[in-house]
Amino acid sequence: MAFSAQTEKYSGKMGTLTLGSGDQAITVGGQAAMPFAAFDGELPNKPIVAMEVYDVVSPDWPAAVVEPFKDVINDPIAWAKKNVEEYGAKAICLQLISTDPNGDDKDAAYAADLVAKMLDAISVPLVVWGSGNVEKDAEVLAKICEVNEGKNLLVGPAVEENYKKIAAAALGYGHAVVSQSPIDVNMAKQMNILISNLGLPMDKIIMEPSTAALGYGVEYSYSVMERISLAALAQNDEKMQCPMINDIGKECWKAREVMLTDKEEPGFGPDQEKRGILWEAITAMDMAIAGSNLLIMRNPKAVKLVEECIDELMA
Amino acid sequence: MSKQVIGAGIRGANVVVDRVEGKINAAIEKYGKDQAVALPNTAYYLPVIYGITGEKVETLGDMLPIMEKCRQLLADVPVDNCWTPYLGPGLDSGMAALFAFDMEEALKYLGDDCPYLASKEDPEETDADIWLGAADDIILRKRGVEFVDGSAPGFAVIVGAASNPEAAAKIAKELQEKSIYVFMASNNEKGTSFAKQLVEAGVQIGWNTRLVPFGFDHPSAIHGVGFAVRAALTFGGKTPGDHVGVLKYIKDRIFAFIIALGPVCDEQYAAACGAINFGVPTIADTDFPQVLPTGVCTYEHVVTNIPESEIVTKAIEVRGLKITISKIDIPMPYGPAFEGERIKKDAMHVELGGPKSFGFEFAYSKPLDQVEDGKFTVIGPNIKDVEEGGLLPIGIWIELAGRKFQEDFEPILERQCHHLLNGAEGILHIGQRDIVWMRISKKAVAAGFTFEHFGTILHAKMHNEFGAIVDKVQVTIITDADEVNKRMEICRKTWTERDNRLSDMNDETTETFYSCSLCQSFAPTHVCVVTPERPGLCGAYNWLDCRASYEINEHGPNQPIAKGDVMDERLGKWKGVDEFVIPASGNAFESFAAYSILVDPMTSCGCFEAIAACLFAANGIMVVDRDYSGETPCGMGFSTLAGSVGGGLQTPGFVGISKFYIGSKKFISAEGGIKRLCWLPKALKEASKDMIDARGAEVGIPNLYDMIATEENGTDEETIMAFLTEAGHPCLEMEQLMEMM
């Protein structure tokens with residue numbers, strides 16, 4: 001008797017999310033099977049990497065982190081262009097660190113203006129990520145939505161405490177929202193319900209179930225994401241059928257194993273850059289295998305590694 | 001009766017439609033049918049007509065078919081001597097009046113004498129007049145977002161005028177303080193308008209102060225409806241012409257209401273009838289018949305004879321508007337970080353209640369009209385009257401009211417005092433009911449703390465966290481010893497009644513149980529089914545808690561389960577429960593038995609207070625709790641047991657339970673209940689003595705307590721068998737557990 005492989009049939013399917021507008025638009029999600037399990041169902045869109053750009057860079061960044069961008073590190077627009085033109089970024093994620101009230105406390109108007117300029121400068125979709133300060137993010141992201149009406153930005157993270165303001169602005173001015181929850185399946189679902197109850201359609205929401213780096217709890221992120229995927233596919237839970245995004249670069253490049261030089265920790269070996277690249281690439285691949293659709297990453301070499309790996313798995 | 005109001009509305013609608021028809025015909029005569037008509041800078045044509053009918057009015061000629069539609073909608077005025085239904089015709093006629101108003105306003109933009117300032121957010125002193133007319137799409141989008149994100153909880157359309165400018169300013173301020181937009185239109189019979197009164201009183205008006213002067217006459221009120229309709233189309237994604245969708249969106253999301261000040265004319269009755277279609281009630285300060293039956297609006301439709309000073313509160317209540325308080329107005333910081341704060345003796349300014357004095361905290365509900373929201377009173381010495389290191393008795397007396405409030409929620413909100421008050425820096429709170437004990441720090445007193453601030457905190461937090469069930473919160477702080485004692489009597493009596501209420505409930509007479517899937521985050525297949533006689537296994541959620549949690553957040557982890565037909569009374573199996581459990585457990589389980597440890601027992605997450613386990617040799621059941629770290633007769637300690645029972649599994653022979661469940665009549669009743677209980681850790685046994693004695697007496701074994709073994713009698717089955725035999729424990733004589741599987 002001929003061998004016939006066992007396949008899983010799923011009743012549900014992930015929704016999709018479109019980033020950017022016009023010719024530059026990219027669609028992610030829509031998978032009808034678990035990640036890379038094309039033999040079980042259709043995987044219409046491969047996971048995409050959005051390359052990070054910071055509006056301000058901490059002086060603590062090790063040289064190895066700064067190296068690929070050292071000529072543009074103080075100019076986010078140039079940095080974004082370099083990522084697209086030189087490193088082939090398919091999308092950009094602007095990290096608005098300077099708006100943090102505990103840091104530079106730049107105002108919402110500055111951020112909205114920076115986003116407008118960046119949109120003019122690049123030809124790929126843009127993700128805008130707040131500083132993580134709940135109150136300030138609401139103010140800043142809402143302003144960005146208003147000023148950049150109709151550009152279909154992806155803004156976030158929206159959390160339980162500030163989602164109303166961010167999602168309402170996204171709804172009013174035509175953008176999509178990152179719905180972030182603290183490593184908890186139920187919270188992830190509840191956030192989707194709360195945001196969609198405001199009127200934002202599910203295809204304008206992407207989930208960030210909280211990302212942890214390799215060695216810092218990556219397995220928790222993995223298992224929550226796997227649970228979300230199973231709920232969406234096997235249980236056909238509509239409120240779980242949003243694609244997923246992971247904020248990876250930020251988590252990886254602050255890991256102790258990446259930050260320390262071999263003088264500080266001889267056992268880590270001399271090649272700090274390689275360590276960082278692998279740390280980021282492995283974390284990103286973990287997330288992709290857990291079901292991520294959009295990976296926010298920093299280092300161009302790590303991005304290349306991950307994109308090659310994804311292409312191979314999708315081939 | 002309300003027929004009078006509806007009759008007047010229908011009469012008014014006929015007048016309006018006639019008048020507008022005349023104006024349209026005159027305009028066609030002057031400009032021709034092809035003359036374009038539009039409101040300024042909007043993609044929504046004449047928004048009310050466009051949203052409800054889907055028709056785009058772009059020229060004067062386009063108005064004619066709409067006029068036809070108005071005529072179809074208009075009804076005859078109901079006659080006095082014949083009882084026919086009138087609400088439906090009244091609503092239709094009202095809608096006709098709104099369509100007519102929509103066109104009448106558009107006509108104003110024709111020609112050179114438009115009474116409105118073009119596309120402006122605020123009128124300025126240099127402007128000829130104050131009226132803004134229709135909002136353009138830019139204003140709509142900017143302001144509409146606030147309705148979606150909740151920073152604008154709703155809008156009031158104020159028609160007519162207040163008794164004087166000061167009264168107008170007061171009403172406006174009250175609405176502003178609640179972040180409610182005020183849309184102003186029309187004037188009273190003396191030609192006075194609310195907006196002009198505000199200007200006279202020196203109040204700044206315009207979109208930026210949320211006090212928007214639409215227009216001087218009755219038709220201009222339509223811009224309020226137009227705003228709401230455009231919001232439904234823009235933010236609600238409703239299709240023009242989907243009138244059901246648009247009306248429902250506005251009713252559920254926009255929270256608009258009309259405040260009618262001064263005498264109301266037929267034309268305004270017509271507008272009020274039209275507004276009811278959108279779930280928008282009218283609240284008036286004059287005395288005319290009310291339209292009370294609920295149905296279209298959330299609560300009543302037309303409420304009258306409300307004094308000016310109470311009209312805002314009443315309007316908010318009738319519309320079912322929920323107010324959130326963004327900042328807790330106290331002189332010290334507030335946040336979860338301060339919950340764990342301790343206040344040592346030398347940092348303390350005053351001690352309230354506690355072991356050296358006495359006190360209580362008590363929450364109860366009253367009818368809505370008997371509670372004054374945000375009123376805080378202190379009876380007895382306030383903080384300034386106490387010396388440093390002082391001691392006072394304390395009574396915190398909380399009066400609650402809400403349209404959806406139920407008596408059963410009282411203890412749940414009362415229990416929140418601890419968590420809510422502790423959030424303030426400089427307040428230490430311990431205990432509940434009549435064992436409450438508080439300390440206020442010197443730092444807080446120096447910052448300006450007074451006892452009224454207890455009220456400020458409770459009022460703000462209860463509105464914000466329990467807004468779904470609470471509409472009004474009034475707080476009285478009592479530090480006068482006699483008064484504390486007097487009220488303590490009432491509290492104690494009520495607490496006893498409350499305690500009895502849940503214990504009087506049973507599963508047989510309760511139709512709705514509640515699920516709890518809070519723990520699915522780590523135990524994906526776990527579902528608790530909480531019944532009045534079987535609390536959640538964590539001990540933190542009983543049936544009342546789950547019900548309140550559902551009322552507060554209907555998308556939360558506690559969902560109602562209609563238990564449906566009984567499938568097995570002994571095991572505690574109901575059709576509705578199984579139907580719920582299958583999908584809720586991710587298809588992991590097909591059936592749940594509420595009362596059995598052997599047949600389809602409930603799953604256990606990991607939060608159980610205790611674990612019940614079968615001891616087959618003894619033919620009984622043991623229970624071990626989390627605090628006991630030793631060995632047990634089933635051969636496993638608590639943590640080993642927890643490892644094999646938890647994680648969302650059904651494990652026949654074992655089940656996670658709350659300690660309180662031991663005292664329930666339904667405690668593992670399928671296998672014989674309390675009579676099977678043969679081993680407990682000593683500490684748990686002592687803590688449960690009252691429950692065991694009570695249940696023992698009920699089943700005819702009053703000395704059951706003495707027959708239950710503890711670790712002192714043995715931690716293996718053989719040893720305790722000897723004890724049980726000697727004690728004559730009833731389990732030895734019962735049906736063999738093994739045969740009940």
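How many salt bridges are counted between chain A and chain B? In this predicted model, the count between chain A and chain B is one salt bridge. The residues concerned are E149(A) and R141(B), whose closest N and O atoms lie 3.4 Å apart. On the side of chain A that touches chain B, helices α5 (163-173) and α6 (185-197) of chain A each supply at least two residues. Of the elements on this side of chain A, α5(A) gives the most, with seven residues. The residues of the side of chain A that touches chain B comprise six nonpolar, six polar and six charged ones.

The extent of this contact can be described in residues and in area. Chain A contributes 18 residues to the contact, and chain B contributes 16 residues. The size of an interface is often given as the accessible area lost when the parts come together. For chain A and chain B, the buried area is about 1,600 Å², and carbon and sulfur atoms account for 50% of that area.

A further interface lies within chain B. The domain assignment divides chain B into domain 1 (2-108), domain 2 (137-319), domain 3 (336-501) and domain 4 (512-740). Between domain 1 of chain B and domain 2 of chain B, the centres, taken over C-alpha atoms, are 20 Å apart. The contact involves 34 residues of domain 1 of chain B and 37 residues of domain 2 of chain B. About 2,900 Å² is buried between domain 1 of chain B and domain 2 of chain B, and carbon and sulfur atoms give 72% of this area.

Charged and polar pairs were also examined at this domain interface. Three salt bridges are counted between domain 1 of chain B and domain 2 of chain B. In chain B, K108(B) forms a salt bridge with D217(B), with 2.7 Å between the closest N and O atoms. Polar contact between domain 1 of chain B and domain 2 of chain B is found for 13 residue pairs, both residues being at pLDDT 80 or more. Helices α1 (2-31), α2 (47-53) and α4 (87-108) of chain B each supply at least two residues of the side of domain 1 of chain B that touches domain 2 of chain B. The residues of that side of domain 1 of chain B are 17 nonpolar, 11 polar and six charged.

R487(B) is located in helix α15 (residues 481-504) of chain B. R487(B) is classed as buried because its relative accessible area is 15%, where buried means under 20%. When residues up to four places away in sequence are not counted, R487(B) touches F360(B), I379(B), W397(B) and I478(B).

The second residue, A232(B), is located in helix α8 (residues 222-234) of chain B. A232(B) has a relative accessibility of 0% and therefore counts as buried. With residues up to four places away in sequence again left out, A232(B) touches G237(B), K238(B), V246(B), Y249(B) and I250(B). A232(B) and V436(B) are 204 residues apart along the chain, and their C-alpha atoms are separated by 49 Å.

Notes: Residues are numbered from 1 along each chain as its sequence is written. Chains are lettered from A and ligands numbered from 1 in the order in which they are written. This is a predicted model: local features need pLDDT of at least 70, side-chain atom pairs count only at pLDDT 80 or more; totals for chains, interfaces and linings use all residues. Side-chain values use heavy atoms; hydrogens and water are left out. Domain bounds come from an automatic or database domain assignment. Contact means heavy atoms within 4.5 Å. Buried area is the accessible area (1.4 Å probe) that two parts lose on being put together, summed over both. A salt bridge is a side-chain nitrogen of Lys or Arg within 4 Å of a carboxyl oxygen of Asp or Glu. A polar contact is a pair of N or O atoms within 3.5 Å; within protein, one must be able to donate a hydrogen and the other to accept it, and residues adjacent in sequence count only if both atoms are side-chain atoms. Helices (H or I, at least four residues) and strands (E, at least two) are DSSP runs, numbered from the N terminus. Ala, Val, Leu, Ile, Met, Phe, Trp, Tyr, Cys and Pro count as nonpolar, Asp, Glu, Lys and Arg as charged, and the others, Gly among them, as polar. Buried means under 20% relative accessible area, exposed over 50%, partly exposed in between (1.4 Å probe, protein chains only).
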